[in-house]
Amino acid sequence: MMNMDIIQFRRFIELRYTTTVMVMTLTMLLGVTGAKPVRKLQTVSAHTNTLARAEALAAKGKWNQAIAICDKLTARNSAQTRPALLLKAKCLECADSPEEALACYRQILKEYPRAIDAKEIQLQAIRLSSLELLQPEGIAELESFIQKNPNSPLLRQARWWRAGVAYKQREWALGQRLFATFLKDYPQAQETGRARECLRECEAKLAELAALDKRRAASIAAAKVAVKKTELLRETLRKLREGRVAMEKRRFRDAIAAFEAVRKAGSSPDYEP
């Protein structure tokens with residue numbers, strides 16, 4: 001399923017990078033004209049340049065280089081440590097390293113538990129654990145969040161991810177229910193197009209399974225009939241053999257009883273002793 005968070009992250013990085021370039025350009029112009037604010041702007045630019053460089057690299061898709069810079073920033077234990085950790089987590093996601101990204105989010109939650117966006121960071125960690133890695137504990141945490149936060153502005157995302165988990169786990173009946181209720185409750189959400197596609201696929205899979213079950217039931221029934229016919233044939237042959245032996249021994253009553261049993265069974269196959 002398309003990860004809208006990563007797309008939004010890239011747009012955010014591109015905006016930050018453009019803003020940083022504008023600030024640096026203004027700083028150079030002020031330096032040329034001899035204006036007084038040059039020293040202050042240069043100080044700010046120097047302070048943010050390393051993080052800005054990492055963001056610029058991330059905007060170009062150079063995840064590993066951006067991560068390397070973030071590691072240097074976090075090692076300094078400065079005001080840039082937390083934003084560097086956040087950027088690193090996003091870069092790790094884009095670099096298809098969800099386990100490392102999850103560890104990064106958890107580090108942020110551990111070191112900055114009272115941050116204003118701690119709830120959002122927690123939900124991102126839950127998303128990785130549940131939707132990306134399909135970890136049972138992550139899925140349980142996601143369900144718990146949905147149940148305990150019915151009025152949260154993050155509820156829509158959480159419910160979308162839970163439906164995605166069902167889809168990935170091929171739980172078609174659950175996925176059908178979750179996508180249907182999602183579309184009912186959020187008809188204008190940006191995920192509605194994809195939700196409709198997933199709902200149709202879940203319904204198609206359920207129809208396939210129903211048809212398969214029907215064919216399987218028919219096959220089992222046919223097999224039972226075949227077994228019953230085979231058993232009847234064996235019994236018929238046994239009775240015919242008994243009747244033949246009884247006639248040879250001139251036990252006519254026993255022979256008549258054996259042949260009568262065959263007649264009642266409604267089967268008279270040709271018998272060759």
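1. Helices and strands here are DSSP runs, a helix having at least four residues and a strand at least two, and they are numbered from the N terminus. Counted that way, the chain has 11 helices and 0 strands. The model is a predicted one, and what follows should be read as a description of that prediction.

2. The chain has 273 residues, and 34% of them count as buried. Buried means under 20% relative accessible area, exposed means over 50%, and partly exposed covers what is in between. These words are used in that sense below.

3. For α3 and α4, the axes come within 9 Å and cross at roughly 155°. Angles over 145 degrees count as roughly antiparallel, and α3 and α4 are therefore roughly antiparallel to each other. Their crossing is left-handed.

4. Salt bridges come next. How many salt bridges does a search of the whole structure find? The search finds 10. Three of them are described in the next points.

5. One of the salt bridges joins the side chains of K168 and E132, with a distance of 3.8 Å from N to O. K168 lies in helix α8 (residues 155-168) and E132 in helix α6 (residues 118-132), so this pair ties together parts that are 36 residues apart in sequence. K168 has a relative accessible area of 35% and is partly exposed. E132, with 32%, is partly exposed as well.

6. Another salt bridge is formed by R156 and E191, whose closest N and O atoms are 2.5 Å apart. R156 is in helix α8, while E191 is in the loop between α9 (172-185) and α10, so the pair ties together parts that are 35 residues apart in sequence. Is E191 buried or exposed? At 6% relative accessibility, E191 counts as buried. R156 has a relative accessible area of 24%, so R156 is partly exposed.

7. The salt bridge between R216 and D213 has a distance of 2.7 Å from N to O between the side chains. Here both residues lie in helix α10, 3 residues apart, which is about one turn of the helix. R216 counts as partly exposed at 41% relative accessibility. D213 is partly exposed too, with a relative accessible area of 43%.

8. On the surface there is a nonpolar patch made of M247, F252, I256 and F259. Together these residues have about 390 Å² of accessible area. Which helix gives the most to the patch? Helix α11 (residues 252-265) does, with 3 residues. M247 is placed in helix α10 (residues 192-248). A patch residue needs over 30% relative accessible area. M247 has 42% and is partly exposed.

9. Helix α11 also holds A257. At 48% relative accessibility, A257 counts as partly exposed. A257 and E242 are 15 residues apart in sequence, and their C-alpha atoms are 9.6 Å apart in space.

10. D96 has a phi near 60°, a positive value in a residue other than glycine. D96 lies in the loop between α4 and α5 (98-111). With a relative accessible area of 67%, D96 is exposed.

11. The other residue is L134, which has a positive phi of about 55° although L134 is not a glycine. Where does L134 lie? L134 is in the loop between α6 and α7 (136-148). Its relative accessible area is 29%, and L134 is partly exposed.

Key. Residues numbered from 1 in each chain as written. Predicted model: local features only at pLDDT ≥ 70, side-chain atom pairs only at ≥ 80, totals over all residues. Heavy atoms only, no water. Patch = residues over 30% accessible without salt bridge, like charges linked within 9 Å, V, L, I, M, F, W, Y side chains within 5 Å. Areas by Shrake-Rupley, 256 points an atom, 1.4 Å probe, with all protein chains shown as cover. Salt bridge = Lys/Arg side-chain N within 4 Å of Asp/Glu carboxyl O. Buried < 20%, exposed > 50% of the residue type's maximum accessible area, 1.4 Å probe, protein only. Axes fitted to C-alpha atoms, helices over the stretch in contact; angles between N-to-C directions. Parallel < 35°, antiparallel > 145°, perpendicular 65-115°, else oblique. Left-handed = near helix turned anticlockwise from the far one by under 90°.
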